[in-house]
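Here are my notes for your first look at this model. Please keep the structure open beside them and find each residue as it comes up.

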Amino acid sequence: MNKKLLRDSFVVGAALFSMFFGAGNVVFPLYIGLTAGTQWFTGFLCYYAADVGLALLTIYAMLASSCIDRKEGLFHRLGALPAMLMMSAIILCIGPLLAIPRTGATAFAISFAPLGYSSKGITLAKVLYSVVFFGISTVLAYRESNMVDAIARYLSPIKIGGFILIVIAATAWPLGRINADVHDANVAWNSILAGYQTLDVMASLVFGFVIVTALKNKGYTSGSQKALSVGLSSLVAGALLFVIYGGLCYLGATGSSLYPADTEKGALAAYLVGGLFGSASTVVLAVVMSISCMATAVGLIGTTGTFISQFSKGRVSYRTVAVCTGLFSMVISNVGLDIIIAFAAPILTFLYPGTLVVIVLSLFDRYIRNDNIFRFATVGALLSSGLSVLEGFGLPVAITASLPFESVGLGWIAPACIFGVAGWLVRPRAQA
């Protein structure tokens, strides 16, 4: 294995880490540790598996099905129109509607909470911060060919160094006694749900395409070169996320006897890091969080631009989409972090099961000849998750409650399996 491959894979892996590790990746591990108390390690493992584990599994599935550089991604087996509908919904979720605005909202909430600024409501300070934050993010994402290198060169070193410093401090100087009275009655499932809400599994469906493009620009064009370089880059990102997630969960646990479980998620990070670094925490946290969230925003703005530009077959330019996405996200970010997270929950609950079905089936892509298995199983999962969301909003039925595994949020598995078997019995048109 040559040195150039290792160096390039590390650079792209650091950029991939920075794109993955954004808004939710900071607030959720801390909150899991706070509410899990002595069960923080269980929460960490469940969160890591639902977030990083599934995200890396998705990239592997894309490699296994040879679709990592196709704009339809894993959804190509669903057919052209359904694939584009699913990808468009995911792009909107990881783009201007949810994930990108959340980066700015989180950065403001954590950076300015120690200074007495609330993240609730629209204030002049928040508006000014969002203008600067998304202005710089859009500038860094403006040139598609240099986006990954811009993240790796300018943002990743500060981001990685800052959080490694926080993890070392949290381990060396624990804030307090870890509370034995667990606030969360269902640590495992709520940690899995938090992993869902990071949007990293959905992001990996398009980040895979972005990193392959970056590696192609570095000369890795053959199938074996792409597979090896993408695999190494993913391992780098996964290792960094393991260390930092674990440290943040532990930091949250050491604050479990100091702060109540209903502490605002954005403010919690400020309090915990403030306990580690004292008066210097305001500057440390503001810089690290702003750059951390900005790296993710740059990646997501670029990803949105790449997808929509290719989807429109060049009729809408990458740069036009990048600028419009940055402006729209700037406006939405001023709504507030908790509102954005609450708004994201039902959308993710609906989309994730269908996405996970396609990911799992794609691992066996070469053995599944009938596309109807993909199509029917995905429909079954989406019908179940859609009903679950509607029931949560007051639909007067209780169908999903009787499904197997519904108590742990996996009620969609049985419908997906049943519909998948039905799809297997329906021969594709080409074979009819």
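**Notes on buried charges, core and surface**

1. Start with aspartate 51. Aspartate 51 is buried yet has no salt bridge. Its nearest side chain of opposite charge is arginine 102, 8.6 Å away. Buried means under 20% relative accessible area, exposed means over 50%, and partly exposed lies in between (1.4 Å probe, protein chains only). A salt bridge needs a side-chain nitrogen of Lys or Arg within 4 Å of a carboxyl oxygen of Asp or Glu. For charge, Lys and Arg count as positive and Asp and Glu as negative; His and the chain ends are not counted.

2. A word on the model. This is a predicted model, where local features need pLDDT of at least 70 and side-chain atom pairs count only at pLDDT 80 or more, while totals for chains, interfaces and linings use all residues. Residues are numbered from 1 along each chain as its sequence is written, and side-chain values use heavy atoms, with hydrogens and water left out.

3. What surrounds aspartate 51? Leaving out residues up to four places away in sequence, aspartate 51 touches Asn25, Gly195, Thr198, Asp200, Val201 and Tyr245. Contact means heavy atoms within 4.5 Å. Aspartate 51 itself lies in helix 3. Helices (H or I, at least four residues) and strands (E, at least two) are DSSP runs, numbered from the N terminus.

4. Lysine 159 is another case to check. Lysine 159 sits in helix 7, residues 147–172. This lysine is buried and has no salt bridge. The nearest side chain of opposite charge, aspartate 200, is 9.2 Å away. Beyond its neighbours within four places in sequence, lysine 159 contacts Phe17, Ser18, Phe21, Gly22, Ile291, Ser292, Ala295 and Thr296.

5. Now the paired charges. How many salt bridges does the structure hold? It holds two. Arg77, Asp365 and Asp371 are linked in a network of salt bridges.

6. Take the bridge between aspartate 365 and arginine 77. Their closest N and O atoms are 2.7 Å apart. The pair links distant parts of the chain, 288 residues apart. Aspartate 365 is in the loop between helix 14 (337–362) and helix 15, and arginine 77 is in the loop between helix 3 and helix 4 (80–94). Both aspartate 365 and arginine 77 are buried.

7. Aspartate 371 also bridges to arginine 77, with the closest N and O atoms 2.4 Å apart. Aspartate 371 lies in helix 15 and arginine 77 in the loop between helix 3 and helix 4, so this pair ties together parts 294 residues apart in sequence. Is aspartate 371 buried or partly exposed? Aspartate 371 counts as partly exposed because its relative accessibility is 24%. Arginine 77 counts as buried because its value is 8%.

8. Next, the nonpolar core. Such a core is a set of buried Ala, Val, Leu, Ile, Met, Phe, Trp, Tyr and Cys residues joined through side-chain atoms within 4.5 Å. The largest one has 120 residues, and Phe21, Phe75, Ile94, Phe163 and Met202 touch the most other members. Helix 12 (residues 281–311) gives the most to this core, with 12 residues.

9. Apart from neighbours within four places in sequence, isoleucine 94 is in contact with Ala99, Ile100, Leu199, Met202, Ala203, Val206, Leu300 and Thr303. Leucine 199 has a feature of its own: just after helix 8, this residue takes a positive phi of about 70°. In helix 8 (residues 187–197), the buried residues include Trp189, Gly195 and Tyr196.

10. Finish in the loop between helix 15 (371–392) and helix 16 (413–425), where glycine 411 lies. Glycine 411 is buried, with a relative accessible area of 1%. Its C-alpha atom is 7.9 Å from that of serine 385, 26 residues apart along the chain. Phenylalanine 405 is in the loop between helix 15 and helix 16. Phenylalanine 405 counts as exposed because its relative accessibility is 51%. Not counting residues up to four places away in sequence, phenylalanine 405 touches Leu410 and Gly411.
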